[in-house]
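Hi,

Here is the structure I said I would pass on to you. Have a look at it first, and then read on for what turned up.

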Amino acid sequence: MNAVRIVGGEFRRRVLRFPDSTGLRPTPDRVRETLFNWLGQDLEGWHCLDLFAGSGALGFEAASRGAARVVMVEQMPKVLAALHENHELLHKPSAVEIIRADALQYLASTKAKFDLIFLDPPYNKGWIDRLEPLLPGILNEDAAIYVEAEHEIESLGDWRTVRQGKAGEVHFHLLRRQTT
């Protein structure tokens with residue numbers, strides 16, 4: 001089993017364990033720290049979606065920092081099982097909901113609205129382009145999008161990159177809706 005630790009909030013220093021799985025790359029501690037510096041440390045009241053939950057590092061980090069709701073979507077059975085085990089380890093925070101679903105089907109079917117979405121899909125599979133048209137339907141007006149990709153991203157629909165960085169081969173971005 002692989003491991004990653006939560007870097008801030010209520011569950012700080014807790015270790016999440018997850019299996020090897022094709023395309024699974026947990027967001028490194030340093031990158032998560034940077035992201036939550038950009039967002040602010042307190043996500044109290046936020047509704048977050050971790051669309052390719054994987055290790056759960058981003059979603060559990062959001063819950064640790066006070067998010068009111070964190071929906072974690074994952075399709076791979078052994079990765080999903082690890083998410084449930086980590087949820088147990090953290091004493092089942094009520095804000096966290098773990099769903100087994102395909103990302104596109106989830107976006108197309110949910111009626112929920114989110115303040116923040118974490119997008120860290122498998123690379124080189126065209127996921128971002130396929131997801132982009134569905135994002136406006138699930139995001140609140142002032143929502144943020146966090147994206148990890150194999151290349152730089154300038155925009156997704158009305159959302160423009162406002163902060164970005166690079167760690168190894170990973171480009172990470174924070175996007176906000178462009179106001180006119």
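Before anything else, one term: when I say that two residues touch or are in contact, I mean that they have heavy atoms within 4.5 Å. Also, please keep in mind that this is a predicted model.

**The chain as a whole**

The chain has 5 helices and 10 strands. Its radius of gyration is 15 Å, close to the 16 Å that the globule rule gives for 180 residues, so the chain is as compact as a globular protein of that length. Of the 180 residues, 52% count as buried. The accessible surface comes to about 8700 Å², and carbon and sulfur atoms account for 46% of that.

How far apart in sequence are the residues that meet? Taking contacts between residues at least 6 apart in sequence, 61% join residues at least 24 apart.

**Helix H2**

Is helix H2 buried or exposed? For residues 57-64 the count is 8 of the 8 buried, so H2 is largely enclosed by the rest of the structure. If you want to find them in the view, they are Ala57, Leu58, Gly59, Phe60, Glu61, Ala62, Ala63 and Ser64. After H2 comes Gly66, with a positive phi near 95°.

**The largest pocket**

H2 turns up again here: H2 and strand S4 (69-74) each supply at least two residues of the lining of the largest pocket. The pocket holds about 510 Å³ of space. Its lining is made up of 29 residues, and Thr22, Gly23, Phe52, Glu74 and Pro122 are the ones nearest the centre. Sorted by class, the lining has 16 nonpolar, 8 polar and 5 charged residues.

Leu24 sits in the loop between strand S2 (15-18) and helix H1 (29-39). With 22% relative accessibility, Leu24 counts as partly exposed. Leaving out residues up to four places away in sequence, Leu24 touches Phe18, Pro19, Gly54, Ser55 and Val79. Another pair to look at is Leu24 and Glu150: they are 126 residues apart along the chain, while their C-alpha atoms are separated by 13 Å.

Pro121 belongs to the loop between strand S6 (114-119) and helix H5 (127-131). Its relative accessible area is 2%, so Pro121 is buried. What does Pro121 touch, not counting residues up to four places away in sequence? The list is Arg25, Phe52, Trp127, Ile128 and Glu148. Phe52 is also one of the residues nearest the centre of the largest pocket. Pro121 and Val70 are 51 residues apart along the chain, with 17 Å between their C-alpha atoms.

Gly40 is in the loop between H1 and strand S3 (47-50). At 24% relative accessibility, Gly40 is partly exposed. Gly40 and Thr22 are 18 residues apart in sequence, yet 32 Å apart in space, C-alpha to C-alpha.

**Two positive phi angles outside glycine**

Arg13 is not a glycine, but has a positive phi of about 75°. You will find Arg13 in the loop between strand S1 (2-5) and S2, where its relative accessibility of 60% makes it count as exposed.

His91 is not a glycine either, and its phi is positive at about 65°. This residue is in the loop between helix H3 (77-89) and strand S5 (96-100). Is His91 buried or exposed? Its relative accessible area is 63%, so His91 is exposed.

**Arg176, in a strand**

Arg176 lies in strand S10, which covers residues 170-177. Its relative accessible area is 29%, so Arg176 is partly exposed. Which residues is Arg176 in contact with, leaving aside its neighbours within four places in sequence? They are Leu39, Asp142, Ala143, Ala144, Asp158, Trp159, Arg160 and Val162. Arg176 and Leu139 are 37 residues apart along the chain, and their C-alpha atoms are separated by 11 Å.

That is what I have on this one.

Cheers

Definitions and conventions: Residues are numbered from 1 along each chain as its sequence is written. This is a predicted model: local features need pLDDT of at least 70, side-chain atom pairs count only at pLDDT 80 or more; totals for chains, interfaces and linings use all residues. Side-chain values use heavy atoms; hydrogens and water are left out. Buried means under 20% relative accessible area, exposed over 50%, partly exposed in between (1.4 Å probe, protein chains only). Helices (H or I, at least four residues) and strands (E, at least two) are DSSP runs, numbered from the N terminus. On a 1 Å grid over the protein atoms alone, a cavity is a set of points where a 1.4 Å probe fits but cannot get out, and a pocket is an open set with protein on both sides within 12 Å along at least five of seven lines; lining residues have an atom within 4 Å of a point. Grid points are joined across faces, edges and corners, and a volume is the space filled by probe spheres set on the points. Ala, Val, Leu, Ile, Met, Phe, Trp, Tyr, Cys and Pro count as nonpolar, Asp, Glu, Lys and Arg as charged, and the others, Gly among them, as polar. The radius of gyration is taken over C-alpha atoms; the globule rule is 2.2 Å times the number of residues to the power 0.38. Accessible areas come from the Shrake-Rupley method with a 1.4 Å probe; for residues, only the protein chains shown count as cover.
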